[in-house]
Amino acid sequence: MHQIIKSTLPVFAIFAASCVFAQQTDNGADVNTNANASTSTALKAAPHITNQGAAQNNNNNTADYNGDAAARRDLSAKRQEPSEFQNFIKYATGKNLALFGSEFFSSPQAGFVPAQNTPLPTDYVLGSGDEVQVRAWGSVDIDYRATVDRSGNINLPTIGNIQLSGVKAGDADAVIRAAIAKQYRDVTSSVNFGRVRAMTVYVVGQAKRPGSYTVSGFSTLVTALLASGGPNANGSMRNVQVKRAGKVVGSLDLYAFIAKGDKSNDVKLQDGDTIYIPPASGHIALVGKVNTPAVYELRSANESIASILELAGGLPVIADPRRVFLERIDNAKAQPRTIEDFALDQAGLKKILKGGDMLTVASITPEFSNAVSLRGNVNQALRVPFKAGMRIRDLIPNRAALVTRASIQRQNDVLGQNDVQGQSDDPDAKGKQGLGTFQDNKRDVRENAFSIASSIGNLIDDVNWDYAVIERIDRDTLNVSLIPFNLGRAMENPANPDNLMLQAGDAVTIFSQNDIQVPIAKRKVFARIEGEVNVPGVYQMSPGDNLQTLIAKAGGPTTNAYLFGTEFYRERARQEQQANLERVTRRLEAQVRSEGARSAANQGVSATPAAAAIKLAAEQKAASEAVAKLREMKATGRIAFSLAANDENFDKLPVLKLENGDQLIIPSRPDFVHVFGALSQESSIIWRKGLSVDNYLAEAGPTSEADIDNTFILRANGSVLSNTGRGWFSSVGSSQVMPGDTIVVPERLNKQTTYQQFIVGLKDWATILTGFGLGAAAIKSLKN
């Protein structure tokens, strides 16, 4: 009875595997007429590799291959503990190095499914259990499926027994044809194969999943290792043995197969074979700049560095073979770890490795030995090969090499800017694109960032011809020295001493006049004048020219020029104003957070918490909106001249030397005065000479909440006029109003905190923001 159970155990395993893999083929399926197709049918019918050591179901004799069990096996394989040597390498280097070749087995399988529709190997040796289908036609018709019995024979009707045990699959057709020909003439035959027999092999030693495995009859050592998950962390990949009848019949170096694809030593398994995985003879670590950093197994005591590097795919191009480091462990010493360095030359590659070694390959220093670099205000940063006798003019052949890509882009964009500017039907189009003063015709007179006029004089970055520099490193001392030279003289005359001799490793830097500011006398100055002058335009000015010179070049003012409202803009001033504006915004944000937290703390003692919460939410919303509006504001760079109201002579303008990009706007005299704030009706009122602030407020009609004492004027000349700093008998209300002025009446906010006043009160906004050149347009925007 025991023998019956033992002999049927493989059958039960085959049945279990076929259940798990969804019955890949029908036992009674027809065999193809074509030899190759019938061979593939044999593979389809071949039993899967199954692990006999898996738990079995006593009721239906099937292996425990449910999904949960397979998932547990996969998780266990992925969590395989590293070896002690791998832990040591992690401690020494901080790197988790895998065992070389372990990825080949990184997808553990509960069972191995042979490839489908694959021809049976011609050298496969037939044996008991293999299925053969014989077809013959002619003087006799045969269509018969037979299984090789335990005696190694098949029995064909009218033919008798034919011995096939030990016959290779490729020779079976000839053997059967010869047997038929002994009894019948003029017969054509075809032999195909069905199911292939199953056999049992054993995987023992340092295996990841040792046990007995039922495999197909043409399985090899590699396929069985795949089924078992391969060696564990301490097992050998370089001397996997197949034992048959107590003797070693073959061994396989998996490294040769994985690294080189050499499968010549793969052993064809037979029923009852034992696959033995011995312990590894030793491991070394390969780290640094190598193609495959990993922990490698030593095949023998004479393994050289060259052989390990060959397995690793050699060294990448960035590796430095001139110096490698070998760390070695000698347990006989009090301090067992030692280190040596050497080159990977012929002698270094022959060096023998020992178990526990760690070989580190450094990377090259990415430094040029024969290069000269050019950077800065140039068409293209370059690194060119150094040649003996090389000078500055060899590196910079002409001035065109100093035209930057940004300059070329601006030149190419000249036509595009005209398209952007275009003609708009929207009278406010220009005002919506720029920032500037509030005008009665709602047109922003500040330049559009894409306008044609703003691009004039800006098509090229001016080169600093007086100063360029060579950076040179002394390789002996590692000191850096700067060698300045006059670029203009070097470009004018190759024989000039400023055309310096270069050395390998030099870096030449060219500067623009914006990189390092040159004296004003050497800067280009293009100034723009608009409005009420006879010839508005953009003019090239000489060093030292001032506003009066610019007005004179533009033909002088017209009879409609309004000196009091003259506006002047400068880019450097805009940058400073913007920086100050951002600081104010950050300070206000901090104040908002602080006051918000204080208000939230005081809410707890309120008699009506619900009402206090609503009030707090409203205050916080107002604060957030005010901060958001302030952050949207952009400084314009306007400089207020604070001209007197009775000044009509343009010689009264300050003697201000011009800078590149300056803009002077001389408007015509407006006809209106703008009044808004806590008024019955905000409006623009016709200007009448001699009227004061009080006169205009009486006409506009302040509300009951108007804070008349804090009324202020935003003058057309860019200044602010308020009661701050005035005496007891002086008030802004008595001040004479000029054309284009803006009168602002804040609301009374005495019952609110200083924080709330700053958030809501136009008085505080005006005091701060007019210092940023924003003027009345910004104040009105904040109020809205």
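Contact here means heavy atoms within 4.5 Å. The views show a predicted model, in which local features need pLDDT of at least 70 and side-chain atom pairs count only at pLDDT 80 or more, while totals for chains, interfaces and linings use all residues. Residues are numbered from 1 along each chain as its sequence is written, and side-chain values use heavy atoms, with hydrogens and water left out.

View A. Leaving aside neighbours within four places in sequence, Leu-225 is in contact with Phe-105, Gly-230, Val-240, Leu-254, Ile-275 and Ile-277. A nonpolar core is a set of buried Ala, Val, Leu, Ile, Met, Phe, Trp, Tyr and Cys residues joined through side-chain atoms within 4.5 Å; buried means under 20% relative accessible area, exposed over 50%, and partly exposed in between (1.4 Å probe, protein chains only). The largest core has 44 residues, and those touching the most other members are Leu-221, Leu-225, Leu-254, Ile-275, Leu-286, Tyr-296 and Ile-308. Helix α6 (residues 221-228) gives the largest share of this core, six residues. Helices (H or I, at least four residues) and strands (E, at least two) are DSSP runs, numbered from the N terminus. Another core, of 24 residues, lies apart from the largest one and includes Leu-120, Tyr-124, Leu-164 and Val-187.

**View B. The surroundings of Asp-130.** Asp-130 is placed in the loop between α4 (84-93) and β2 (131-138). Its relative accessibility is 2%, so Asp-130 counts as buried. The side chains of Asp-130 and Arg-197 are joined by a polar contact of 2.6 Å (a pair of N or O atoms within 3.5 Å; within protein, one must be able to donate a hydrogen and the other to accept it, and residues adjacent in sequence count only if both atoms are side-chain atoms). Beyond four places in sequence, the residues in contact with Asp-130 include Tyr-124, Ala-146, Val-148 and Arg-195.

**View C. The salt bridge of Arg-238 and Asp-253.** A salt bridge is a side-chain nitrogen of Lys or Arg within 4 Å of a carboxyl oxygen of Asp or Glu. The side chains of Arg-238 and Asp-253 form one at 3.1 Å, N to O. Arg-238 is in the loop between α6 and β9 (240-244) and Asp-253 in the loop between β10 (247-252) and α7 (254-260), so the pair ties together parts 15 residues apart in sequence. Both residues, Arg-238 and Asp-253, are buried. A network of salt bridges links Arg-238, Asp-253, Arg-299 and Glu-303.

**View D. The salt bridge of Arg-322 and Asp-320.** The closest N and O atoms of this pair, Arg-322 and Asp-320, are 2.8 Å apart. Arg-322 counts as exposed because its relative accessibility is 62%, whereas Asp-320, at 11%, counts as buried.
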